[in-house]
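Please read this report with the model open beside it, and find each residue as it is named.

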Amino acid sequence: MENKIKKEFNGRFGKEGQLYASSGRINLIGEHTDYNGGFVFPGAIDKYIAAEILPNGTDKVRVYSIDIDEYVEFGLKEEDVPDQQWARYIFGVCREIIKRGGKVEGFDAVFAGNIPLGAGLSSSAALESCFAFALNDLFNDNKIEKFELARIGQSTEHNYCGVNCGIMDQFASVFGKKNHLMRLDCRSGEFEYFPFNPVGYKLVLLDSVVKHELVDSPYNKRRQSCERVAAKLGIDTLRDATMEMLDSIKEDISKEDYNRAKFVIGEKQRVLDVCDALNKGDYETVGKRMYETHRGLSEDYEVSCEELDFLNDIAKECGVTGSRIMGGGFGGCTINLVKDELHDKFITTARDKFKAKYGHEPKVYDVVISDGARKL
Ligand code: ADP
Ligand code: MG
């Protein structure tokens with residue numbers, strides 16, 4: 001990929017720039033916890049966006065996307081926003097740096113990636129983080145703090161792409177470290193690295209390629225349930241709730257709200273359990289918690305769907321160590337922790353059975369936990 005970028009850059013601009021990269025991400029555990037002030041547990045993966053960039057001494061950005069095969073030029077003022085969606089991610093990053101008092105001048109760029117788009121691996125966060133990291137290095141002497149780079153990506157999604165996302169994806173892409181996952185406290189913004197080096201296991205994503213569009217905004221309904229229970233308990237978020245507290249108000253809340261809160265409270269503990277287990281290198285416990293999260297998401301939080309439950313069942317039948325929905329639910333991927341010797345059989349079985357039932361195969365992505373934003 002880097003060679004292709006270099007060749008293209010040289011062919012177009014007749015010069016040589018500097019190469020940067022940033023990665024996609026997985027979240028091992030900690031789902032629907034961000035808006036409850038809880039923990040998420042992501043890591044960067046070995047699939048990434050790479051860009052070659054060189055300041056061009058003008059006030060124009062000239063950028064070519066190899067994968068989309070499109071060339072775009074734009075200025076750096078608010079009204080210069082490009083029409084192309086992919087270019088808005090880059091324009092947004094430039095604008096958000098400038099808005100914060102940072103410097104961005106014209107540059108030439110060529111970029112490409114190998115993160116599947118829209119599969120739940122956050123290709124957009126990788127794109128933002130790659131350019132945010134690069135522009136910090138090229139124009140700002142790396143004075144912008146890394147957490148701010150993640151916020152620049154998040155604000156880009158909010159202000160230029162119409163996606164009202166949290167901070168996890170950009171955080172993971174910027175801070176990712178080989179063989180480590182990161183427990184991010186969504187309330188304080190503090191985080192800690194934990195070793196993740198599952199020798200003898202593989203991490204595999206199975207993308208169901210289904211996305212159920214639901215009519216009555218289930219995401220907002222889940223949030224409202226959590227807020228109602230927190231209000232009843234007199235606390236800001238469910239982060240501060242325990243099962244005992246929840247049980248003490250069981251008669252005063254609906255069964256549905258009870259189940260939603262039960263999942264969130266359980267999920268907080270499962271993340272902490274996984275951290276302990278990783279410190280001991282105990283991947284079997286990690287796997288058990290993943291299955292528990294899946295069951296909670298499916299039965300209590302009710303954000304699974306038939307296809308994802310089916311993939312989870314196949315994992316169980318095949319003796320896979322851990323498996324769960326990754327992401328908000330209602331479609332997308334399962335993330336699976338699989339012993340090396342079971343890997344091929346699991347993939348074949350999942351492909352065959354899923355196809356027999358739903359008419360198409362799931363997509364398979366093997367991932368390895370790797371570094372995030374970097375100079376190449
Ligand atoms: P994801 O879950 O992968 O982040 P999004 O819809 O948020 O999905 O972001 C995908 C968008 O990001 C694409 O439509 C495109 O605009 C941009 N993008 C991601 N990867 C690339 C790439 N390799 N080349 C060009 N644009 C990309
Ligand atoms: Mg995205």
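D309 is found in helix α10, which covers residues 306-317. The model is a predicted one, and in it D309 has a relative accessibility of 24%. Is this residue buried, exposed or partly exposed? D309 counts as partly exposed, because a residue is called buried under 20% and exposed over 50%, with the partly exposed class in between.

The side chain of D309 makes a polar contact with the side chain of H294, at 2.9 Å. A separate comparison concerns D309 and D276, which are 33 residues apart along the chain and whose C-alpha atoms are separated by 27 Å.

## Aromatic pairs

The structure holds 21 aromatic pairs. In one of them, F111 and F131, the ring centres are 5.9 Å apart and the planes stand at 90°. Why is this pair called edge-to-face? The angle between the planes is 90°, and planes over 60 degrees apart count as edge-to-face, so the pair receives that name.

F111 belongs to strand β6 (residues 107-113), whereas F131 belongs to helix α3 (residues 123-139), so the pair ties together parts that are 20 residues apart in sequence. F111 is buried, with a relative accessible area of 5%, and F131 is buried as well, with a value of 0%.

Another edge-to-face pair is made by F196 and Y283, with 5.6 Å from centre to centre and 75° between the planes. This pair links distant parts of the chain, since F196 is in the loop between β8 (191-195) and β9 (201-211), while Y283 is in helix α9 (residues 283-300), 87 residues apart. F196 is buried at a relative accessible area of 2%, and Y283 is buried at 9%.

## The surroundings of ligand 1

How many residues surround ligand 1? There are 17 of them, and the closest are D67, G118, S122, S123 and S124. A polar side-chain atom of D67 lies 2.8 Å from a nitrogen atom of the ligand. An oxygen atom of ligand 1 is 2.8 Å from a polar backbone atom of G118, and an oxygen atom of ligand 1 is 3.0 Å from an N or O atom in the side chain of S124.

On its own, ligand 1 has 560 Å² of accessible area, and the protein covers 80% of it. The elements that give two or more residues to the shell around the ligand are α2 (85-99), β6 and α3. By residue class, the shell divides into eight nonpolar, eight polar and one charged.

Conventions: Residues numbered from 1 in each chain as written. Chains lettered and ligands numbered in written order. Predicted model: local features only at pLDDT ≥ 70, side-chain atom pairs only at ≥ 80, totals over all residues. Heavy atoms only, no water. Phe/Tyr/Trp six-rings, centres within 6.5 Å; stacked < 30°, edge-to-face > 60°. Helix = DSSP H or I, 4+ residues; strand = E, 2+ residues; numbered from the N terminus. Buried < 20%, exposed > 50% of the residue type's maximum accessible area, 1.4 Å probe, protein only. Near = heavy atom within 4 Å. Polar contact = N/O pair within 3.5 Å; in protein donor to acceptor, adjacent residues only side chain to side chain. Areas by Shrake-Rupley, 256 points an atom, 1.4 Å probe, with all protein chains shown as cover. Nonpolar A, V, L, I, M, F, W, Y, C, P; charged D, E, K, R; others polar.
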